[in-house]
Amino acid sequence: MTKDVLVSISGLHMGIVSPQPDEENEPIEVVTPASYYFRNGKHYIIYDEVLEGMAGTVRNKIKITDSDSVEIMKSGGTGAHMVFEKNRKNLTYYRTPYGQMLIGINTKNMKVNVSEDNIDVSVDYELDVNHEPLADCRIRMNITSKNSGEFSVLS
């Protein structure tokens, strides 16, 4: 894998009560350039995210430890350290410009496939806020070397 990569992240929250009844649960997708590092047996992907309607950016760091653990760390306009471990619930505070909330992440299923120029991650989890169930969620990530020609947008 090269240092310069492209990251595609698709997230879906199912079962959330929408403020607009006719609105379907649409996946949120981000495709962005990122930096990749491999250190001490762990994969690191770092990229900046611009939040709509807010000044500044959010620095995102994804740490992948084999197929055992995926961590997403956010700093800047929002802050969190979310840990996904199969069949385990992790708690963290999610800081927003409007205050912070305690979120619970109960990872139900996780798959990580690593090849020479590509990393695919799939995580299914239950999300709760302040110990109240909120939604069943899914994250799909594809990290690929910019020069590999294998990049695809997830759905």
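Reader: Which residues is Ser 145 in contact with, leaving aside its neighbours within four places in sequence?
Author: Met 1, Thr 2, Asp 4, Val 5 and Asp 117. Contact means heavy atoms within 4.5 Å. This is a predicted model: local features need pLDDT of at least 70, side-chain atom pairs count only at pLDDT 80 or more, and totals for chains, interfaces and linings use all residues. Residues are numbered from 1 along each chain as its sequence is written, and side-chain values use heavy atoms, leaving out hydrogens and water.

Reader: Why is Ser 145 called buried?
Author: Its relative accessible area is 1%. Buried means under 20%, exposed over 50%, partly exposed in between (1.4 Å probe, protein chains only). At 1%, Ser 145 therefore counts as buried.

Reader: How far is the backbone nitrogen of Thr 2 from a polar atom of the Ser 145 side chain?
Author: 3.1 Å. The limit for a polar contact is 3.5 Å between N or O atoms; within protein, one must be able to donate a hydrogen and the other to accept it, and residues adjacent in sequence count only if both atoms are side-chain atoms. The 3.1 Å distance is therefore within the limit.

Reader: What makes a nonpolar core, and which members touch the most others?
Author: Buried Ala, Val, Leu, Ile, Met, Phe, Trp, Tyr and Cys residues, joined through side-chain atoms within 4.5 Å. The largest core has 30 residues, and Ile 62, Ile 64, Val 70, Phe 84 and Met 141 touch the most other members.
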